[in-house]
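Q: Could you walk me through how the strands are arranged in this one? I'm new to sheets, so please go slowly.

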Amino acid sequence: MCETPTSLCSTAHKNNMLSALGYGSVLAALIAAGIMALAGYHAGLARRNIEFAATLTRRAAYFGFFAMTVGMLVMEIALLTHDFSVEYVARVGSHETPTYYTAISLWSSLDGSILFWGWILAGYGALFAFTRRSEIDAHQRVGGRVVAADGGLVPSLKTTPLVIAVIGTVGLFFFGLLAGPANPFGIVSPAPLNGPGPNPLLQNHPLMGLHPPMLYFGFVGMTVPFAFAIAGLLQGNIEARWIRDSRRWMVAAWAFLTMGIIGGGWWSYEVLGWGGAWAWDPVENASFLPWLTATAFLHSAMVQKRGGMLKTWNLSLMIGTFLLTLLGTFLTRSGVIDSVHAFTEGVIGPLFLGFMAIIALGSLTLIGWRSNRLYTAGQIESPVSRESAFILNNLLLVGFTFTVLLGTMFPLLIEAIRGDRISVGPPYFNMVASPIGLALLFLMGIGPALPWRRATSDHIKKSFRWPILLGVVTAIAAFLLGMRQLLPTITLAFAAFVLTTIVQEFAMGIKARRKLANRSFVGALLDLFSRNGHRYGGYIVHVGVVVIALAISVSWTWKTERQETLRAGERLAIEDYEVEFVEVWGIEEPQRFVIGATFETFRNGKPLGQEQPRLNIYHRDPSQQTIGTPAVRSSLSSDLYLTLMAIDQDNLAHATVRAIVNPGIVWLWIGGMIMGIGALIAIWPRGKIRVRAASDQLLADGGTYQLPSLDIDSSAKTENLERTSPSKTEKSIE
Amino acid sequence: MHRSTRNTDQLPGTNKRLHAQMFIWALAIGLSPAPITKLIAQSVDGAFDGVEAPAPAGDEVREAELDDLTAQIGAELRCPICRQQSVAESSSRIAREMQGVIREMLMDEKTPEEIEAYFVQSYGEWILLRPKVQGLNSILYVLPFLALILALVLIGAKIGFGGTTGIHESSLTVSAPDTGSTLSARDREWLDKARSES
Amino acid sequence: MRWVLPLAFVPMLALLAWGLTRDARRLPSALEGKLAPDFTLADLYDPSDSVSLHDFEGKVVVLNFWASWCIPCITEHPVLVKLHETYDPEDVALLSVLFQDAPENGQAFIQDLGGDWPMVVDPGSHTAIRYGVYGVPETFFIGADREVALRHDLAVNWDLVSTMVDSLVASQGTPKSSAIESQD
C-alpha cells in the first residue's frame with residue numbers, strides 16, 4: 001500500500017538489505033542490553049564469578065554500542081540514498097530536501113529519534129565501561145582474589161557492573177521499542193518514488209542539527225547518574241567515590257542539557273517568528289524540569305561530598321531527574337498535552353507510561369527498603385553556612401520544579417475533574433518564575449561566599465561588605481540614570497551583588513595560590529581551574545547565569561514592536577532603527593517556494609544592510625502551510641527582528657512587516673556559552689582523583705576534620721594548613 | 001596534618017536559638033514571593049484592576065494608548081491555533097483578526113474585563129492564558145505556597161530544630177576514626193599503591 | 001523527604017494515563033447548549049444584499065464555516081450539496097460563511113463544486129470569532145429554538161449530518177418568539 005497519496009508507487013522492489021541489516025543491528029543491541037543487565041546484576045550482587053561477569057558486562061556494553069552504531073549508519077545511508085523501501089525514510093525523506101537536512105532528519109521525528117536515543121544510550125554505556133576498564137586489572141594486581149580488603153575497593157568493583165546493568169535495563173526498553181512498535185526499519189513494499197520530507201518547521205534552520213542532539217545527550221546522559229543511584233541502593237552502600245563519579249556524569253549530562261535548552265531557545269527565536277525564545281510550552285517545560293532537579297543535585301551533592309549528609313535526598317534527586325526525563329519524552333510522543341512539539345505515536349505513549357510506572361515504583365521500593373542503611377549522622381550546625389545556602393537552593397529549585405510541573409499538568413487535571421478545557425500560559429509562568437528566579441539569583445551570591453559549617457560574624461562582614469555595597473550603588477545608579485521599572489532594577493542590583501562575590505572568590509583564590517606556590521597571576525588562575533575545577537568552573541557557570549538573567553530582564557522589559565504596511569520606498573521607524581521596503585520577490589527552490597520581501601535597514605541614520613524575511617511553502621507538505629522565516633539582525637546591544645506578515649498578492653506593491661526590537665537578547669546565547677565553558681572546566685579530567693579518593697572516603701563517613709590533598713606531581717608535599725580564616729582551609733580540599 | 005580548629009564543646013542540638021532563627025529566616029524568604037508576585041503581576045503583566053478604557057484625548061495619543069492596551073489584552077488571550085502563543089505575539093491571521101476585534105471593542109468603550117468575558121463566551125475558558133482565580137483553579141495559585149511551607153517545615157524538622165538527628169550509621173562504610181589524625185596504615189598502603197599506579 | 005520525588009509521580013502517572021484516552025488537539029466549543037448569536041453578513045455574490053441568522057427563524061439551521069484553501073472543505077462539500085437537496089428549505093436551512101478568504105476565491109470554489117444555498121462573507125472574521133471558530137471547516141447544528149446542539153470541527157460526513165438534522169427536525173417545538181440574541 002502506498003504511503004503517500006500524491007506519489008506514484010513503484011512496483012519494482014527496492015533493495016531490502018538495508019532494512020534487514022538495520023533491524024538486525026537493533027536486535028543485536030537488544031541482546032547486548034540483556035547481557036549487560038544479567039551479567040551486571042550478577043557481578044554486582046552475587047558472590048562468585050564476579051570478575052568473569054564483570055568482564056562480560058563490559059564487553060556487552062561495547063558490543064551494544066557497536067551494534068547501534070551500525071544501525072545508525074544504516075539509517076543514515078538509507079536516508080541519504082533516499083531508499084524509500086525503509087519505512088522511516090518513506091515517512092520523512094524526499095528527493096528535494098537538501099542533503100544537510102536529510103542527514104539530520106534522522107532525529108526529526110518518531111522512530112528515528114528513538115533510534116538516536118538508543119544509540120546515545122548505548123554510547124554512554126560503552127563510555128562508562130571504558131572509563132572503568134582498568135578497574136578489574138587493578139584488583140587482580142592487588143590480590144588476585146576479590147576480597148573485602150578495603151572499603152574503597154570492593155564496592156567499586158561491584159558498582160561498575162551494576163551501573164552498566166541498570167543502563168542495560170533501560171536499554172532493554174528502548175531497544176525493545178525499536179524492535180517492536182517503533183521499528184524504523186520496517187519494509188515498505190512497493191516502495192514509493194518519493195516521500196513527504198521532514199516537517200517544514202524542521203528544515204528552516206541549520207540549528208536543527210545542534211539542538212536535538214545536545215538535548216538528547218543531556219536527557220540520555222541522566223541515565224548514568226540514575227544508574228549510579230540504583231546501583232548504590234542495591235548495594236546498600238554509598239561511598240565517597242560514588243558521589244564524586246556520579247556527580248561527574250551528572251555535570252556532563254547537565255552541560256549538554258543546558259546547551260540543548262538554550263539552543264532550543266535560540267532556534268525558537270530564529271525560526272518561529274514571534275520574536276521570543278521561551279513560551280512555557282509543555283514540552284519546553286518538560287525539558288526544563290529535569291534541568292532544575294539536576295541543578296539541585298549538583299549543589300546538594302557538594303553537601304554530601306563534604307559531610308556525608310543528604311544521601312537519600314540526592315538519590316531521590318537522581319531518580320527524579322531521570323523520571324522527569326522520561327516524562328518529557330513521553331509528553332512529546334503521546335499527544336496527551338497539546339504542544340507545538342508533540343507528535344502522537346499510537347501505542348508508544350502507553351508503553352512509555354508503563355515504563356515510567358515501573359521505574360517510579362521500583363525506585364520507590366528500593367529507597368524505602370534501603371534508605372535506613374544510608375542514613376548518616378550529619379548536622380547543619382548553623383543557619384549561616386554554605387550547607388544552609390545549598391539546602392535553600394535545593395528548596396527553591398525543587399519548588400520551581402513543582403510549580404512548573406503543576407502549571408503544565410494543571411489543564412489536564414482540571415479537565416479530568418471538571419471536564420472543562422483551560423490554558424495555563426506564559427502570563428502565569430512568568431508570574432511565578434520571576435520571584436523564584438530572583439531569589440535564586442540572590443542566593444548565588446551568598447552560597448559561595450559562606451564557609452562550610454558556620455560563618456563567624458566577622459567573616460560575614462568581610463565577605464559581604466563589597467557585594468552589598470556594589471549592589472546598592474548599582475541600584476541607585478540605575479535609578480539616577482532613569483530606570484524606573486522595579487524588576488530590572490532588582491535584577492541589576494542582584495547581578496552586581498553576585499558578580500562581586502564571584503570576583504572576590506577568584507581574587508582570594510589567586511592571592512592564596514600566588515603566595516603559596518609562587519605563581520604568576522595567570523598561572524594562579526589556571527591552577528584554580530585545574531585543582532578546583534568544580535568550584536571555579538561552577539563560578540564561571542554562575543557568571544553565565546547572571547548574564548542570562550540580565551538578558552532576560554532587559555529584553556523582556558524594553559522589547560518594542562511595530563507593524564505597518566509599506567509601499568516601495570516607505571519606511572517604518574522603531575526605536576533607533578528604520579526599515580524601508582524595497583520589493584517583494586519569489587523564488588522556486590527544489591523543495592519549496594519562497595516568497596520574500598527585501599528591506600533596507602538603518603540605525604541612527606546609518607545603513608546596516610538588507611534584510612529579507614520570508615514565507616516558505618514546502619511542496620511536499622500535505623497541509624501546504626506557510627512557514628515564516630524571520631530576518632534577524634543582531635548586535636550586542638539589540639536585535640532588529642523582522643517578520644513578513646502579508647504581501648499584496650496581486651501587484652506585489654506593498655508588504656506588511658512586523659518589526660521587533662529586542663534589546664540585549666544576544667547575551668542570552670552568550671550567557672549560555674559561558675555556562676558551557678564553566679561546565680567544561682568543572683569536568684575536565686584531572687590526574688589527582690585516585691589520590692583524593694582516600695581522603696574523601698574518610699570525609700564522607702562523617703569525619704569532621706579535613707585532610708590535606710596529596711599532590712602527585714609536586715613531590716608529594718603536604719600543604720601547610722596554617723591559615724587564619726576557616727573559609728580558606730577547605731579551598732585546597734575541593 | 002592536623003585538625004582544623006573546631007570548637008568541640010559546642011554540641012549539636014544546643015543551638016536551638018540559631019535553628020529557630022534559621023527557620024524564621026527561611027520562612028520569610030519563602031513567603032516573600034507572595035507580595036512580590038502581586039507586585040510583579042501588576043507592574044509587568046498588567047493586571048486589569050484599575051485599568052480604565054483610554055481617555056478620548058488627542059488622536060495620536062489615543063492611537064498609541066489603544067495599541068498598548070490592545071497588546072496588553074492580547075497578551076492574556078491565547079491564539080486559538082498556535083498553542084502556547086498569545087494573540088499579541090502570534091503572526092497568524094486569526095490572531096490579527098482578534099486584535100482587530102479587541103481594538104474595536106476598546107473604541108466602543110468596553111472595559112478589558114468585558115472584552116475578556118466576550119472571548120471566554122465565544123471560545124471557552126481555554127482562551128485565557130492565565131486561569132481565572134476561582135473555584136478549583138485556585139489550586140494553581142495556592143498549592144505552590146503550601147508546598148513551600150510544607151518543605152520548610154520538613155527541612156526544619158530534619159535539620160534538628162528541636163534536638164539531635166538520627167544516630168544510624170551506614171553499616172558497610174568505614175567509620176571515621178575519631179582520634180586518628182594520621183592516615184591509618186591500611187589507608188597509607190592503599191594510597192601508595194594508587195599513586196604508583198597512576 | 002526522600003519519598004517526595006518518586007511518590008509525587010504516582011498520582012501524576014494516573015492522570016497521564018487518563019490523558020491518553022482523549023485527543024488533546026481538539027478544543028471544545030463554548031457555544032454548545034447556548035443560543036446561537038445573531039449576525040448580519042453580506043452575500044458572497046452581491047455585496048449589497050445581506051443575510052441574517054434571524055431570517056431563518058423557526059427553522060433548523062446548519063451553519064458551515066469554510067474556505068477555498070481548505071482541503072477538508074473540498075471533501076465535505078458534496079455532503080452539504082446532498083443536504084441541501086434532501087431536506088425541504090422550509091424546515092432546514094443551510095448557510096455557509098466564508099472564512100479568511102477573498103470572495104472571488106469563494107465564488108470560484110462554488111463554481112467548481114456547485115451549491116446554491118445562501119452564502120455570506122465575514123470580513124475581519126467578526127462572526128467567526130463570535131462563534132469561537134478556530135479553523136475550517138466548522139459546522140454548527142442549530143435547532144429551531146436557536147440553540148446550538150453541536151459544533152463539529154472536522155469535515156462532516158453524511159451519517160453525522162443526517163442524524164443530527166433528523167433529530168433536530170423531530171424535536172422541533174414552537175419557536176420562541178423573542179429568542180433572538182442581538183449581536184454584540
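Q: How many bridges join strand β3 of chain C to strand β4 of chain C?
A: Seven bridges join β3 (residues 60-66) to β4 (residues 92-98) in chain C, and these two strands run parallel. A strand here is a DSSP run of E with at least two residues, numbered from the N terminus, and two strands count as paired if DSSP finds at least two bridges between them.

Q: And what stands opposite C:L63?
A: That is C:L95, which lies in β4 of chain C.

Q: Before we go on, what kind of model is this?
A: This is a predicted model, in which local features need pLDDT of at least 70 and side-chain atom pairs count only at pLDDT 80 or more, while totals for chains, interfaces and linings use all residues. Residues are numbered from 1 along each chain as its sequence is written, with chains lettered from A and ligands numbered from 1 in the order in which they are written.

Q: Which order do the strands of the chain C sheet follow?
A: Five strands form an open sheet in the order β5-β4-β3-β6-β7, with mixed pairing. Its edge strands, each pairing on one side only, are β5 (119-121) and β7 (148-152) of chain C.

Q: Switching to chain A, what is the strand order there?
A: In chain A, four strands form an open sheet in the order β1-β10-β9-β8, and the pairing is antiparallel. The edge strands are β1 (560-567) and β8 (631-634).

Q: How many bridges hold β9 and β10 of chain A together?
A: Nine bridges join β9 (residues 638-647) to β10 (residues 654-663), and A:L644 of chain A stands opposite A:V657 in β10.
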